Amino acid sequence: MKVEDALQKTRAQFVDANPASRAAHEEATATLPGGNTRTTLYFAPFPLTMTEGSGCRMTDIDGHTYVDLLGEYTAGLYGHNNPVIRAAIDEALDAGWNFGARGVHEAALAQLLCDRFPSIDLVRFTNSGTEANLLALATATMHTGRRGVLVFDGAYHGSLLAFADGGIPINAPHDWVVGTYNDIAGTERLVAERGADVAAILVERRLRPGRSGVSCDAAPHRRRHRRRPHLRRGDDLTDDGRRAAVSTRHHAGPDDAREVSRRRHDVRRLRWAA
Ligand SMILES: Cc1ncc(COP(=O)(O)O)c(C=O)c1O
């Protein structure tokens, strides 16, 4: 059987096996753009709708149980409904939530992060990666007084920060300079030409071009960035590092924390979800 035929057969099987997910998706599109709250969660012909998760397993609305190998794109390392995390959430909720005021736990959590990552001095909590990156770039442009942001073709940094084919029309209105991932010479050339107006370089450790699932490691970039030969004093480097910084390193312990701390980024985005 040809690959295309096999794909078509598999797609048809997917549709047949998931009528409730299909109906839930179609119903959701009446009130949610694209039928979801986060573009990342959509895939064609429709995404599955989950009803519950426990440990490493999730069950969807059609009653199928899956082993979850995604781990909430790395932030769900403890699995679903972990009893220790659940107890901490319950305890916090017992005291009430959303006060429109400071709470007692936020500074303690920020302190934990600063202790874990010595390169971090200050923490701003956000509700999504998109928001975190928008704030990081706003900070960099305000701090440097420059308008430009260097990003890499194919990268995804959020709903308004997507660079498949160079960028999407709804991207936030920064002055984007788009480089080629792992093209060190080309990047140095871009920085030499445009550097005076570049406020930040937004880069992740592992690029998944066009969200196709194909990964590309950033080893050459990382080595360069650590030494930062092409960045002058005052330049910002923004690490959209959910994968490396948050998954393996964040949960790994003091040695890894020291290793992370050697990488001097001015702004680092961490992803953390229970
Ligand atoms: C590397 C990276 N940065 C940013 C984002 C955006 O995060 P969010 O969906 O929480 O806005 C994603 C989402 O998948 C991501 O993979």
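**Ground rules.** Residues are numbered from 1 along each chain as its sequence is written. This is a predicted model, where local features need pLDDT of at least 70, side-chain atom pairs count only at pLDDT 80 or more, and totals for chains, interfaces and linings use all residues.

**Stop 1: the whole chain.** Colour by pLDDT, the predictor's confidence in each residue, from 0 to 100. The protein chain averages 82, and 77% of the residues score at least 70. Now select residues 220–236. The pLDDT here is below 50, and the stretch has 22 contacts in the model beyond near neighbours in sequence. Residues 241–261 are also below 50, with 37 such contacts. A contact means two C-beta atoms, placed from the backbone, within 7 Å. Where pLDDT is low, the predicted coordinates should not be read in detail.

Switch to cartoon. The protein chain shows nine helices and ten strands. These are DSSP runs, numbered from the N terminus: helices are H or I with at least four residues, strands are E with at least two. Of the 274 residues, 24% count as buried. Buried means 20 or more other C-beta atoms within 10 Å of the residue's own; exposed means 12 or fewer; partly exposed lies in between; C-beta atoms are placed from the backbone. Among contacts with a separation of 6 or more, 65% join residues 24 or more positions apart.

**Stop 2: the core.** Select Val149, Leu150, Val151, Phe152, Ala200 and Leu202. They have the most contacts inside the largest nonpolar core, which has 24 residues. Such a core is a set of buried Ala, Val, Leu, Ile, Met, Phe, Trp, Tyr and Cys residues joined through C-beta atoms within 7 Å. H5, strand S4 (148–152), helix H6 (184–194) and strand S6 (198–203) each give two or more residues to this core. S6 gives the most, with six residues.

**Stop 3: strand S4.** Select 148–152. Five of its five residues are buried. Gly148, Leu150 and Phe152 point one way, while Val149 and Val151 point the other. Zoom in on valine 149. Leaving out residues up to four places away in sequence, Val149 touches Leu137, His174, Asp175, Trp176, Val177, Val198, Ala199, Ala200 and Leu202.

**Stop 4: the partners of S4.** Strands pair if DSSP finds at least two bridges between them. Glycine 148 has aspartate 175 as its bridge partner in S5. S4 and S6 run parallel, joined by three bridges. Leucine 150 has isoleucine 201 as its bridge partner in S6. Why is S6 largely enclosed by the rest of the structure? Because six of its six residues are buried.

**Stop 5: the ligand.** Which residues are closest to the ligand? Select Thr40, Ser128, Gly129, Thr130 and Gly158, the closest of the 13 residues that surround the ligand. The shell takes residues whose C-beta atom, placed from the backbone, lies within 6 Å. Helix H5 (residues 129–144) gives the largest share, three residues. By class, the shell has two nonpolar, seven polar and four charged residues. Here Ala, Val, Leu, Ile, Met, Phe, Trp, Tyr, Cys and Pro count as nonpolar, Asp, Glu, Lys and Arg as charged, and the others, Gly among them, as polar.

**Stop 6: glycine 53.** Find Gly53 in strand S1, residues 50–54. Glycine 53 is partly exposed because 17 other C-beta atoms lie within 10 Å. Glycine 53 touches Met58, Asp68, His80 and Asn81, not counting residues up to four places away in sequence.
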